[in-house]
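User: I would like to learn how to read side-chain contacts in a protein model. Can you take me through them step by step?

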Amino acid sequence: MRQLITGMFLVLAGLNTAVALDIQHWQTSNGARVYFVETHQIPMVQFAVGFDAAGARDPADRHGLAALVNTLVDDGAGGMDEDTVAEKLAAVGARYSSQSARDMATLELKVLSEDAYLKPALDVFAKIIGEPDFPAGALERERQRTLVGIEQSKQSPRDVARREFNSRLFDDHPYGHMPEGDEQSVKRIQRPDLVAFHERYYNGANAVIAIVGDVSRVRAEEAAEKIVGLLPEGERPPALREVDQRAEGIKVNREFPSQQSHLLLGQPGMTRKDPDYFPLYVGNHILGGSGLISRLSVQIREQRGLAYSVYSYFTPMRRRGPYALGLQTRNSQADEARSIALETVNRFIEEGPTADELEAARNNITGGFPLRLDSNENIANNLLNVAYYDLPLDYLDTYSDKVSAVTSDEIRDAFRRRVNPGKWVQVTVGQTDQ
């Protein structure tokens, strides 16, 4: 029976990643860009829809608005209350989810490909996207849940450090506030704000759609038209302004009653289309992105026992996202751990990776890459990123080759030009008097 398949799709949804993805793309009648991969391993289809309607688009006095819109679209839509929406999706075994960060707000649907299941699910999905009701009761409930989460985050030194780091790193740029907002901004948000935000940013021109699964091109085109069919054509919002590099470094110490200090250090990093993307990514994998075998982990954890874990990462976005180095250690060791971390970074900038480090990093990244394409859901999410960030159509097919082509000289050159610890934001949250 078809229903029995729903419990098996995670096991069976793999795609032979040795074969290049055949990505088809087109636009809907109202301007949404569609990226489609047809695969018939299992009778299911994954939809992912992205809008430039996330935290970076929040009004200056309504931080958290984008996140609330994204959360509330399925709490009543097209005249259906939230229970009816949930029941209709459950009746056909469909799974719906949504997420809103800083760059992109996403809505996803996973359902069996047979029309008896697919069409009812798409009817509901289209109303969630195009006709949300934003009931007052749902808004108040979600507002209170958000406020509770914000209050709880104040009890976490890690969350305090993240909020402080982000604010100092981006200042008044739209990336400078947390997507969930703060108490004052969340309390200001009213239902007309939700409606106005949805009308402005949820439109065809501002949408990208990824479809992966057991449907033909014709059925995929019909599904795409259905998904965004209730939206106006609209227009894309203006491009975000560039993220400025800091002119000088800054140290921030926040007192917190904890036995350990949380440290976050870094600077604006790179964009998704950055010309230095692969040298910086592979280089950071060696420096702090490869877990226990990274240089930072060896120096701080293995050789000195200053921290259980230490890491660094780039978060590439439309504009330069953060490049961050983080660790937690005993309060009394915070200065020593920070000093060793900075020394390790500066040495890496000066020397670059060894031949053995580079070979191990390239093998690790390329060896793990197929796991990022091992299900319809993973492929759809990667397609959505390709579409949203205007990456080349062959981006996924050539990814491993570009990683393998990175040289030590390219890494050293990119890090020398792009990473400057002397101008980093350095945040420490803990009992610094110890």
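Analyst: What follows goes through aromatic pairs, charges over rings and salt bridges in this predicted model.

User: How is a pair of aromatic rings described?

Analyst: A pair of aromatic rings is described by how far apart the centres are and by the angle of the planes. In this structure the count comes to 16 aromatic pairs. One of them is formed by Trp26 and Phe36, with 6.1 Å centre to centre and 70° between the planes. An angle over 60 degrees counts as edge-to-face, so the pair of Trp26 and Phe36 is edge-to-face.

User: Where in the chain do Trp26 and Phe36 lie?

Analyst: Trp26 is in strand E1 (residues 24–27) and Phe36 is in strand E2 (residues 33–38). The two residues are ten residues apart, and the pair links distant parts of the chain.

User: Are Trp26 and Phe36 buried or exposed?

Analyst: Both Trp26 and Phe36 are buried.

User: What kind of aromatic pair do Phe197 and Tyr201 form?

Analyst: The pair of Phe197 and Tyr201 is tilted, with 4.6 Å centre to centre and 45° between the planes. Both residues are in helix H8 (residues 191–201). Because Phe197 and Tyr201 are four residues apart in that helix, about one helical turn separates them.

User: Why does Phe197 count as buried?

Analyst: Buried means under 20% relative accessible area. Phe197 has a relative accessibility of 4%, so it counts as buried. Tyr201 is buried too, with a relative accessible area of 14%.

User: Which residues form one aromatic cluster?

Analyst: One aromatic cluster is made up of Tyr277, Phe278, Tyr281, Phe369, Tyr395 and Tyr399. Tyr399 also has a charged neighbour: Arg372 lies over the face of its ring, at 5.2 Å from the ring centre.

User: Which ring does the charged end of Arg301 sit over?

Analyst: The charged end of Arg301 sits over the ring of Tyr308, 4.7 Å from the centre of that ring.

User: What is the salt-bridge partner of Asp115?

Analyst: Asp115 forms a salt bridge with Arg219, and the closest N and O atoms are 2.7 Å apart. This pair links distant parts of the chain: Asp115 is in helix H4 (residues 115–130) and Arg219 is in helix H9 (residues 217–227), 104 residues apart. Asp115 counts as partly exposed at 36% relative accessibility, and Arg219 counts as partly exposed at 25%.

User: Where do Arg241 and Asp172 lie?

Analyst: The side chains of Arg241 and Asp172 meet in a salt bridge, at 3.0 Å from N to O. Arg241 lies in the loop between H9 and strand E7 (250–255), and Asp172 lies in the loop between helix H6 (157–170) and helix H7 (183–188), so the pair ties together parts that are 69 residues apart in sequence. Arg241 is partly exposed, with a relative accessible area of 43%, whereas Asp172 counts as exposed at 65% relative accessibility.

User: Which residues do salt bridges that share partners join into one network?

Analyst: Asp274, Asp276, Asp413, Arg417 and Arg418 are joined into one network in this way.

Terms used. Residues numbered from 1 in each chain as written. Predicted model: local features only at pLDDT ≥ 70, side-chain atom pairs only at ≥ 80, totals over all residues. Heavy atoms only, no water. Phe/Tyr/Trp six-rings, centres within 6.5 Å; stacked < 30°, edge-to-face > 60°. Buried < 20%, exposed > 50% of the residue type's maximum accessible area, 1.4 Å probe, protein only. Lys NZ or Arg CZ within 6 Å of the ring centre and 35° of its normal. Salt bridge = Lys/Arg side-chain N within 4 Å of Asp/Glu carboxyl O.
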